[in-house]
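This report goes through a single protein chain.

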Amino acid sequence: MASGSGRGRGRGSGSNNSGGKTQDYYGTIQPDLFVRQPGEPKVGSSGRPQRCFANFIPIEMEKADYSIYQFHVEFHPQVDSKHMRETMLLHENVTDEIGRFHVFDGMILYLTEEWQQNQEIEVPHPLTGDLIRVIFKQTNRFLLDNAQTINIFNTIIRRCFDELKLTQLGRHYFNSKDARNVREYNMSILPGFETAIRMYEDQLMLCVENRFKMVRRDSMYDLLKKEMQACQGNRQRVQEKMNEMFGGSTIITLYNNKLHRFTRLDWNINPLSEFEKDGQPITLKRYFKMQYDKDIQFDDQPIIISEGKPKQPGEPPQVNYIVPEICFPTGLTDEMRKDFRMMKEIAQHTRMSPQQRLTETRKLITEFHNNENVQACLNYWGIRLSEDLANVNARVLKPEPLHADGMKKYEGKNAEWARGVKDAGIYRGSEMNNWIVVGPNTGNSGMLIQKFIGEAGRLAQTLRVQLGDPMCVPIRGVSPNEYLEGVKSAVKQVAGADVHMLVVMLVDDNKTRYDSLKKYLCVECPIPNQCINLRTLAGKASDGGENRNFGSIVLKIFLQMICKTGGALWKVNIPLTETMIVGYDLYHDSTLKGKTVGACVSTTTGDYTKFYSQTRPHENPTQLGNNLTHFVRKALKKYYDENNNTLPSRLILYRDGAGDGQIPYIKNTEVKLVRDACDMVTERAAKISGKVHKSIKLAFIIVTKRVNMRILKQGATGTSAINPDPGTVVDTVVTRPERMDFYLVPQFVNQGTVTPVSYNIIFDDTELGPDKHQQLAFKLCHLYYNWQGTVRVPAPCQYAHKLAFLTAQSLHGDSDEKLRDKLFFL
């Protein structure tokens with residue numbers, strides 16, 4: 001029975017990358033993922049050409065009339081163990097008929113050659129030797145244009161990794177023979193690969209991304225003993241600390257190379273506890289000896305409970321019982337991440353340069369081609385891997401000049417311009433005549449505060465900012481409550497006068513103190529505010545107590561203060577008129593389980609340097625869609641008020657924080673909600689003003705930061721690679737045929753390999769075209785004022801991320817309306 005005899009949506013649409021060549025593989029893509037209209041151009045033209053590699057291996061099929069045959073496999077008598085069933089299908093009685101490179105998932109068998117409809121083969125059971133009847137029934141046939149084909153091809157690649165003797169941990173494969181040891185921290189770093197086959201612009205390709213798995217050599221039992229000593233044998237306290245440190249983290253059991261999620265520690269169970277197996281009671285200790293030949297040494301240890309996903313919806317989660325003695329933690333704890341020396345040493349192993357990535361991936365390709373078993377497997381399936389990585393014709397957009405005070409312009413070097421801001425001045429100043437400084441006034445703290453005030457005064461003259469003498473309010477102690485009382489006292493002293501800025505000097509980075517201050521100053525008593533950690537200003541003892549970077553640190557803080565009081569540090573030339581740009585992002589609230597904070601930041605002026613911010617929590621996609629409607633209506637109302645009662649003719653919305661699985665919902669629901677919101681505001685404005693308002697054209701763009709794609713700029717010889725230049729755009733070869741998409745590298749990185757950002761235009765009636773969308777995205781990456789350089793995503797998205805983060809982590813509620821036209825969340 002032929003499946004998918006039609007070619008699926010999109011066939012014959014061609015792509016202007018492939019000269020209109022028909023695509024026989026389009027059916028491998030789910031129809032509801034198509035957002036690009038047939039024949040719609042997606043390639044830009046601006047910028048200079050640049051030859052690049054991408055971390056993809058092109059795939060060619062040896063046969064044009066390719067088919068995969070699916071069989072249902074039954075065992076009589078029934079065999080429960082999947083491992084036993086797989087072993088039996090590798091018995092010579094079966095492999096003599098179908099070869100050993102078939103794909104079998106425990107119930108379904110896939111072959112490349114047709115076999116008689118019903119086959120029956122007798123195979124001895126691997127353990128008992130009893131003859132088992134294995135019955136094969138053909139149930140389906142797939143052509144190359146079927147989505148199931150991709151799943152089978154990915155399984156075949158995993159089979160190739162097995163033939164290379166790599167170890168599967170989770171979804172990825174690692175080379176335990178090439179483990180890098182971090183001796184000081186008793187840790188092994190395993191290098192490996194993440195792979196995925198997918199249909200790209202002109203052909204199927206295998207994406208290969210380098211991955212690393214960090215495995216501690218101290219067992220969970222070793223760590224448990226340390227905590228027992230630290231807590232003086234208090235089991236309740238040990239349990240709390242272990243659950244706090246490792247809850248949600250991944251642990252590994254090396255006896256079967258499986259990864260598990262640490263749910264909790266349970267002192268009520270130990271290795272001598274019994275459970276039922278095959279109708280008979282058995283202890284955990286005996287089970288591990290029989291199943292894995294592992295001797296459990298300590299009988300008094302608690303058991304780690306690992307809860308997995310339910311097998312079926314509505315069922316309880318699957319539970320695994322793991323003995324601490326024979327499992328090991330993976331990854332890094334928060335404590336380790338704070339250890340600068342440790343992170344530096346780990347980065348030497350994991351932060352790969354473009355050249356290292358190129359070398360490692362080419363080495364893998366060579367191993368694929370030189371390994372006889374791998375080649376036999378690929379030949380069996382009629383798959384041929386290219387000899388090298390995919391070549392891509394990228395383009396590099398022009399560097400953007402930055403407009404400063406008056407007619408002054410300057411350009412950054414490698415997309416950074418810290419020096420330019422100080423030399424050229426800022427685009428729009430702000431007023432901070434009335435400002436307050438709250439903090440301890442004794443000893444070194446008092447001296448640092450006075451030094452900061454003096455440096456801020458000098459910077460104000462240079463940067464065209466009105467800065468008066470501050471009112472300094474000392475605090476009695478440094479507890480969170482004493483800080484909050486000090487701020488409230490300062491606000492009382494000015495008795496309702498307009499405070500332009502309130503600076504709080506913190507003695508450390510205590511979260512409770514920071515959260516209470518931010519909540520008070522952003523929600524209850526709205527005043528633009530800046531929290532400064534005095535340790536940031538203080539110098540190291542080795543430098544004689546002087547901070548060599550004091551000037552540049554204060555400059556960055558002072559620039560933040562300018563933005564929070566309505567100033568703008570620079571602008572770029574965006575030649576779009578009557579356009580509102582919106583950024584949207586999400587962040588999970590740390591106190592409300594299951595709740596997510598959505599944040600929206602929109603432009604309100606034609607020079608794109610003023611922003612309006614909003615937040616709302618939601619629990620499910622329906623609420624999220626309703627929030628978008630609310631955000632867009634309020635953003636348009638703000639734009640209307642700021643622009644002499646006129647609405648924009650275009651709205652360009654960048655939505656961050658969406659995975660591939662959400663695209664159909666966004667395309668079918670969110671886009672419609674945003675369009676409806678625009679129409680609603682247009683009709684309302686027409687009623688109020690009595691004049692006709694044009695309907696608002698919309699571009700809805702999904703921005704994805706987490707991508708496995710890497711772009712490597714080709715060196716002079718073609719054998720070397722370096723990071724691409726800022727402004728590098730890729731819109732051919734490795735883009736997706738079902739999308740109006742492109743990749744942009746907006747930043748320069750000194751260490752490691754830069755990750756491009758994916759832009760997927762899922763709706764667009766603005767008629768801007770691919771070229772203008774690419775240029776606009778790059779320009780917007782220059783407008784984030786908390787960093788003197790480009791950021792990875794358009795500035796409204798980055799602002800939305802910062803706002804969602806502050807709201808979810810500290811405010812846990814909406815900020816006051818008075819602050820929303822300022823960048824108070826930087």
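## Model and confidence

The structure is a predicted model. Mean pLDDT over the protein chain is 88, and 95% of the residues reach 70 or more. Among the elements of the chain, strand β39 (residues 728-730) has the highest mean pLDDT, 96. The lowest, 35, belongs to strand β1 (residues 2-3).

Over residues 1-22 the pLDDT is below 50. Beyond near neighbours in sequence, this stretch has 56 contacts in the model.

## Domains

The protein chain is divided into domain 1 (67-142), domain 2 (429-565) and domain 3 (574-707 + 756-815). Taken over C-alpha atoms, the centres of domain 1 and domain 3 are separated by 53 Å.

## Packing of α13 and α14

Helix α13 covers residues 480-494 and helix α14 residues 511-524. Their axes lie 8 Å apart, and the helices pack at an angle of about 25°. Because angles under 35 degrees count as roughly parallel, α13 is roughly parallel to α14. The crossing of α13 and α14 is right-handed.

On the α13 side, the contact is made by P480, Y483, L484, V487, K488 and V491. The α14 side contributes T512, R513, S516, L517, Y520 and L521. By class, the contact of α13 with α14 has eight nonpolar, two polar and two charged residues.

## Packing of α14 and α20

Helix α14 also packs with helix α20 (residues 795-811), at an angle of about 115° and with the axes 9 Å apart. Because the range from 65 to 115 degrees counts as roughly perpendicular, α14 is roughly perpendicular to α20.

From α14, the residues making this contact are K511, Y514, D515, K518, K519, C522 and V523. From α20 they are L806, Q809, S810 and L811. The residues of the contact of α14 with α20 divide into five nonpolar, two polar and four charged.

## Local backbone features

The peptide bond from H76 to P77 is cis, with omega near -10°. P77 is placed in the loop between β4 (67-76) and α1 (82-89).

R464 has a positive phi, near 60°, in a residue other than glycine. The place of R464 is in the loop between α12 (443-463) and β28 (466-467).

Terms used:
Residues numbered from 1 in each chain as written. Predicted model: local features only at pLDDT ≥ 70, side-chain atom pairs only at ≥ 80, totals over all residues. Heavy atoms only, no water. Domains from an automatic or database assignment. Axes fitted to C-alpha atoms, helices over the stretch in contact; angles between N-to-C directions. Helix = DSSP H or I, 4+ residues; strand = E, 2+ residues; numbered from the N terminus. Parallel < 35°, antiparallel > 145°, perpendicular 65-115°, else oblique. Left-handed = near helix turned anticlockwise from the far one by under 90°. Contact = heavy atoms within 4.5 Å. Nonpolar A, V, L, I, M, F, W, Y, C, P; charged D, E, K, R; others polar. pLDDT = per-residue confidence, 0-100.
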